[in-house]
Each structure stands twice: as C-alpha cells, then as structure tokens.
Amino acid sequence: MESGEVVVEEAKRRCKALKHRISTLSTTTQSSWKTTLLRLINSELSFLNRVNSSPLKLSTNIGYLESVVHVFQHPLITSVSRVCKPISISSKVPQQSIYVDIICSFNGNPVWFIVSDRNPRYISWQDSEKTKNNKGLRNRIVHLMVAAEESCVTVRPCSIILFFSNGLQSCIIEKLKYEFGATTDLGFGFSDFDCEFYDDLEDGDWVSVLGKSFEKACVLEIKIGSFSPINKDGQILADQSGNLEKVHIKDVSYDVNLGESFIALVSALRSWSPFDVEEAELVNFDTTALVAIVSGISNGGIDRILATPESELRNRFKGNYEFMIGQVNSEMEKPIHKELMPVILQKRGIICESVCSEFQELVSMCGGPNEKSRAKHFLNHLRVVPDCPSERLMSLPTTRKLALKNKVVFGTGDYWHAPTITANMAFVRAVSQTGMSLFTIEHRPRALVGD
C-alpha cells in the first residue's frame, strides 16, 4: 500500500475507533452532544473516503475530535450542554456568536472549554500580518473574554479553560499568565488518565488502536468572574445580598432506633460544628433526596413491606402501590444509602429554607415515627440557608417544566457552588434543553411509607 493510502486508512481507523469510544461514554440527562460528535466524525469519514490518497500530508480533524473526547473523560466534567457549536453572545444581539468547543460544568462550576490540536510551533501570540486567517491567540482570548461577559446568563461561564493537546510554547504560556491571569493548577491533570480507542475486526472482536498521546497537553484556566464567596467556617453563611447571618438549628432528641446504614450515612457528612474549621465541599439536598434518606424503604423496612398481604398494601397505598413496590425492588437491588455514601463523604450538607419547610411538612403528614425521628436527626446535621437562587437559574422562563420552586431549590445550590442531589430529573432535563450546564447528582426515588 502506498504511503498516502496508509495515512488515509489510519485516519479512517481512528475515526471508527473514536465512534466506538463515544458510544461507550455514559450520559445522565441527554446525549445531544454525542449526536453532534458522531455527525462530525461521519463527516470526517466522508471526507476521507473522497480524498485523493496520493498526498503524504493530509489535513484532518480527527486529532481535534480525539482531543474533545479526551476532555470529556475527565472525572470532574459534568452536565455537558453544548459541543462544537457557536453560541449567541448576547440576547440583545442574537446574530453575534462565538465558537465554543464544550460548555459544561467543571468541578461544579460552569465553564467554556476551548480545544486546540494545532502544532505549538504554529500557534502565534499576535495576528499574522501575512494572512487574515491566522489569528493570534491573544486576540482570540480577548474576544472570548468579551463574549463571556456579554453572553446570556444561562451559558455565562465563571472561567474559560484552554486545552492544547500538543502543548504550548513556554513564552506564550507566560504571556497568558501575565496578561490574563491564566493558571495551570486545575488540581487534576488532563494527561494523567488514558483515552483508549478500539477498532472492530471482521470477526466482531475489538483491538486497541493507537490514537493521540496527551502527555504534552497544556491546560490553562482564565477566570471570568467569581460567585459570591462561600464561608465554610461552620458558623455563618452569607445571603444573596452579602449579609451574614447565623443559622440556628434546634437540638432534637430521638428515642427510636435510627438504623445502622442511616447513622453511617449521616456520619459521612462533615460536621458544621464550630470546632471543625477545616474547609469542605458543599452538597445541596432537595426534598426528594431528604425523603429518600429517611424513608422506611431505605432503612430496613422492605422485609416488613413484603411480608404484608398485597390487599392490605393496595388499600394502604392506593394508586401508588406499583410505584412503591418498584422502589422496594430498587432498594433490594442497590441500597440508596450505599449509593449516596461516596457522594456526600466528607462534604457539608446544606438545604434552602423552602426545602426545609416542604420536607418538614411532608414528614409531619406522611411519615411514621421512625421516619420522623430520622428526619429530625438528619436536619440537625445540615445547614439551612436562605433561598438565594443564582441569577442564571432565575433568568430561565418559569414554565410547567421549569417551575419557580424548583428554580429556587436548584438555583440555591448553584449559588453556593454545590451540586444538588435529586430525583427530579424532569427539571434537570428541562434545564439542559435550554443549553445551561447544571451540576446535579441523580438518585433513585424513595417515598415515605409511614414506618
């Protein structure tokens, strides 16, 4: 096979292997970004099938697409809302747009990713005088910064992350640090984990295909702005206006066995005690999460439920019988406390005032003595913060799917930079469909059963 044909065939193999890799990536809310990437790869394959195989040098986008997928595999990336698409800079001037490779959450913060697969030798700082197409990196960053400041609040990032898969010259890195305050300390390197690709053989087996190496990758973060600071001293929190207020949580007593798994889960949370002054991440609970944690189904009650005659259960739960039995089966398959343990481990829990009121009312009306006791005990380990939804959540139109009360709950978590643990995936999907990235953690629903 001629050298040119070898280059083309290798590019085709990498495209096919990348398609397989994308199909194995997990999604939680929606997979429109998968559709976009697969469309781009199919377009690249069509180009390769048409291209003349004689030239030794072939300009393809496969390296860029591999780099985008590599970024996706970072464990701190969640809530991908847009991939490889232009976005409107301002709602006032919708025809103005800018290209962003990935819009998502990184470590809980809304960010824009700019991905480059160019040879670092051809990345210039200033615009080239020889050609208008060769724009310098400096001007592109300036345009991105302006776009970020003027973008719709739903997609506005708190930082822009630059990913250069083939590295960047040290002199340009220093200029990015000096002029834009770029930092390279993101806590976890993008070259510290592998990106494996596989190719399908005729017999149906898969073999490893050598894709890109990211050992030389350079990643920089440029802050656009910051959310209101979080005070994590365990004593006080700031409301949305910046005022500090102490939140009092009354002591509670309980004389009912709370259950070993429940106590273990509560113990996994970092204390809000004034004696524990170490910083810790926050996690926001919505009402569905609180109910799931204290539910009798989650706390050893499934044996009693299954031992009860079906007729009695149907009379007790009415039209919710099938729903309740489904939750029992779900708990038997994967206990909810075990599922939530790694999510909340060594984090401090918060709930907004609306959730606190709604949860207490639900427990009062529907909870049994054990569920009520667990509810009081768990609330004693959380911090109740004022309803202070973020501007970007509140900027979304209030509709049936985007109810105001949900915007307040999830928006408060967003305001405090805390992921919201929820079973309300209808709201999460509705937010995702607006193009906004929202940091959430899904759990399976549980109901109060009067335990």
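Colleague: Which residues of α7 meet which residues of α12?

Modeller: Contact means heavy atoms within 4.5 Å, and in this predicted model T287, L290, V291 and V294 in α7 meet V355, E358, F359 and L362 in α12. Residues are numbered from 1 along each chain as its sequence is written, and side-chain values use heavy atoms, without hydrogens and water. Because the model is predicted, local features need pLDDT of at least 70 and side-chain atom pairs pLDDT 80 or more, whereas totals for chains, interfaces and linings use all residues.

Colleague: At what angle do helix α7 and helix α12 pack?

Modeller: Axes are lines fitted to C-alpha atoms, for helices over the stretch in contact, with angles from 0 to 180 degrees between N-to-C directions. Here α7 (residues 287–294) and α12 (residues 353–366) pack at about 40 degrees, with their axes 9 Å apart. That makes α7 oblique to α12, where angles under 35 degrees count as roughly parallel, over 145 as roughly antiparallel, 65 to 115 as roughly perpendicular and the rest as oblique.

Colleague: How many disulfides does the rule give?

Modeller: A disulfide is a pair of cysteine sulfur atoms within 2.5 Å, and the count by this rule is zero. The sulfur of C356 lies 8.9 Å from the closest cysteine sulfur, in C352, which is too far for a bond.

Colleague: What is the phi of N107?

Modeller: Most residues other than glycine have a negative phi. The phi of N107, however, is near 55 degrees, a positive value in a residue other than glycine, and N107 lies in the loop between β2 (97–106) and β3 (109–116).

Note on methods. Helix = DSSP H or I, 4+ residues; strand = E, 2+ residues; numbered from the N terminus.
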